[in-house]
Each structure stands twice: as C-alpha cells, then as structure tokens.
Amino acid sequence: MIISETCRQALKDIGVSPERMSLEWVSAAEAPRFVELITNYVSSIKSLGPLGSADGEGGGDLVQRHLRAGVKAASAVKVRTALGKLAKDMHKSGDYDPQIISAGVAKKVLPAFRQERLSQEIQLCLAEHGPCDMDSLCQETGGTREEADKILGTLSKKGLLKEEGAIWTLV
Amino acid sequence: MTTEGFNPRILGFLCHWCCYSAADAAGVSRYQYPSNIRVIRVMCTGRIDVRFILEAFKCGADGVFTGG
C-alpha cells in the first residue's frame with residue numbers, strides 16, 4: 001500500500017497520469033472478476049491514449065527524461081531510507097488508513113524523491129543540451145527557482161557542476 | 001496520434017498465488033479478455049517496488065496493472 005501510494009505520487013511528480021497504474025486484488029478462484037478488471041483497465045488506458053499524450057503529460061520526450069531521472073531517484077539511498085522509516089512508523093502506530101498512508105508518503109517520501117529526481121534531471125539535462133541557464137533548467141525539469149538554486153548549490157559543492165556568468169556546465 | 005486503433009502496451013505484475021492463477025483459470029475456462037497485457041509473474045505482490053513500475057513506464061509501457 002505504501003509502495004503503491006508512493007508510485008502514484010511519484011508518477012504525479014514526474015508528470016504521468018497516476019491512473020496509468022492500478023493495484024487490484026483478485027483471488028485465484030475469481031477468473032471472471034480478473035477478466036472484468038483487465039477489460040475495464042485496458043479501455044481506461046485506451047481512453048487516456050499513449051504515454052505522454054494524456055492531460056497534464058508534457059509529450060513523449062519530456063516524460064521520457066522525467067522517467068529516466070525518476071528511476072534513478074527511486075533507487076537513491078535517501079528515498080529508500082525514507083520509505084523504510086515510513087513503513088516502520090506505520091507498523092508502530094498500527095494504523096493503515098489510506099489517508100494516513102497518503103499523508104505520510106507526501107510528507108516523508110515525496111520531498112526526498114522530488115529533490116533526488118530534480119538533481120538527476122538537471123545533470124541529464126546538462127549532459128543532453130550542454131550549458132544552460134537556470135531559467136531553462138527550471139522549465140525543462142519542472143522545478144521552482146528555489147529548488148533549482150538549492151540543488152545547483154549542492155551539485156557544484158560536490159564538484160559536479162560549475163557556474164560561469166549564470167550559465168551552468170557539467171564538469 | 002489518434003486514439004483510434006491505439007493498442008496500449010500494458011505490463012501486468014501478477015502474484016503467483018492469486019492473480020496469476022486467476023488469469024490461468026480465465027484462460028482455461030476460455031473467457032475472452034484483451035490481449036494487450038504482458039504478464040510478469042512475481043512470487044508475491046509485496047516484491048514489487050517503485051523502481052519496477054517507473055522502469056516499466058520508461059521502457060514504453062502505457063499502463064501498469066498490479067494484481068495481488
């Protein structure tokens with residue numbers, strides 16, 4: 001449940017409609033129910049259209065880069081520890097209400113995921129397009145100026161990026 | 001791109017003990033269901049990770065169906 005909620009919120013952050021992912025329970029004896037679920041699901045995806053073309057999805061290439069950064073972010077240590085901690089807290093409280101899970105994910109896991117994704121994406125962006133200024137980076141990654149500023153600061157401290165007259169380049 | 005004639009590629013993560021058996025039973029009893037779904041059998045739905053699902057979308061899936 002935590003994983004599925006994280007997925008939904010991560011997809012939203014990436015700019016993919018969360019409806020593209022579904023989690024359902026079917027017992028081994030419920031073949032007709034399985035058929036019904038699959039049929040409904042396929043028709044709902046058909047109405048959404050191909051990946052990147054539904055409402056709020058910014059076109060194939062952009063989504064593709066968001067996803068590439070997202071995959072890297074989802075493997076990041078920070079995000080995984082956040083998930084583990086949340087699972088531990090939920091276990092301790094013993095309350096698995098969907099709303100509580102959703103709030104927990106939004107508060108504890110998503111900020112780490114978003115920061116990690118933006119950081120990965122800035123690097124991907126610079127590698128693809130060469131040197132960029134901050135505004136175009138914000139536009140490409142979908143982050144705010146403050147977020148980008150903070151991440152660019154950390155990355156340049158690590159010696160991965162350098163700034164020359166407000167233009168950023170990979171080292 | 002038009003949505004007419006659009007055949008979505010859907011990746012299904014099905015639990016070996018529940019949904020996969022249901023899919024199997026559906027096949028045996030000859031129920032018709034759309035053939036858009038490509039199935040990956042996992043031993044338990046708990047095995048599935050955020051990374052798997054994002055990776056599926058990255059590799060060009062239009063939807064991911066998880067069945068437990």
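**Chain contact and helix packing in a predicted model**

Q: How many residues does the contact take from chain B and how many from chain A?
A: The structure is a predicted model. In it, the contact draws on both chains, and the count is given for each. Chain B gives 35 residues and chain A gives 35 residues.

Q: Which element supplies the largest share of the side of chain B that touches chain A?
A: Helix 1 (19–28), helix 2 (50–58) and strand 3 (63–67) of chain B each supply at least two residues of this side. By class, the side has 22 nonpolar, eight polar and five charged residues. The largest share, seven residues, comes from helix 2 of chain B.

Q: What is the bridge partner of Glu24(A) in strand 3 of chain B?
A: Strand 1 of chain A, residues 21–24, runs parallel to strand 3 of chain B, and four bridges join them. Within strand 3 of chain B, the partner of Glu24(A) is Gly67(B).

Q: How many charged residues are in the contact of helix 3 of chain A with helix 5 of chain A?
A: On helix 3 of chain A, the residues that meet helix 5 include Arg65(A), Arg68(A) and Lys72(A). Among their counterparts in helix 5 of chain A are Glu116(A), Arg117(A) and Glu121(A). The contact also has four nonpolar and three polar residues, and the number of charged ones is six.

Q: What is the handedness of the crossing of helix 5 of chain A and helix 6 of chain A?
A: The axes of helix 5 (residues 98–129) and helix 6 (residues 134–141) of chain A come within 10 Å and cross at roughly 115°. Leu118(A), Glu121(A), Ile122(A) and Cys125(A) of helix 5 meet Leu137(A), Glu140(A) and Thr141(A) of helix 6. The crossing is right-handed.

Q: Is Val109(A) buried or exposed?
A: Val109(A) is found in helix 5 of chain A. Leaving aside neighbours within four places in sequence, Val109(A) is in contact with Thr6(A), Val79(A), Ala82(A), Leu83(A) and Leu86(A). A residue with 20 or more other C-beta atoms within 10 Å of its own counts as buried. Because Val109(A) has 27 such atoms within 10 Å, Val109(A) is buried.

Terms used
Residues are numbered from 1 along each chain as its sequence is written. Chains are lettered from A and ligands numbered from 1 in the order in which they are written. This is a predicted model: local features need pLDDT of at least 70, side-chain atom pairs count only at pLDDT 80 or more; totals for chains, interfaces and linings use all residues. Two residues are in contact if their C-beta atoms, placed from the backbone, lie within 7 Å. Ala, Val, Leu, Ile, Met, Phe, Trp, Tyr, Cys and Pro count as nonpolar, Asp, Glu, Lys and Arg as charged, and the others, Gly among them, as polar. Two strands pair if DSSP finds at least two bridges between them. Axes are lines fitted to C-alpha atoms, for helices over the stretch in contact, and angles run from 0 to 180 degrees between N-to-C directions. A crossing is left-handed if the near helix is turned anticlockwise from the far one by less than a right angle, and right-handed if clockwise. A residue is buried if 20 or more other C-beta atoms lie within 10 Å of its own, exposed if 12 or fewer, and partly exposed in between; C-beta atoms are placed from the backbone.
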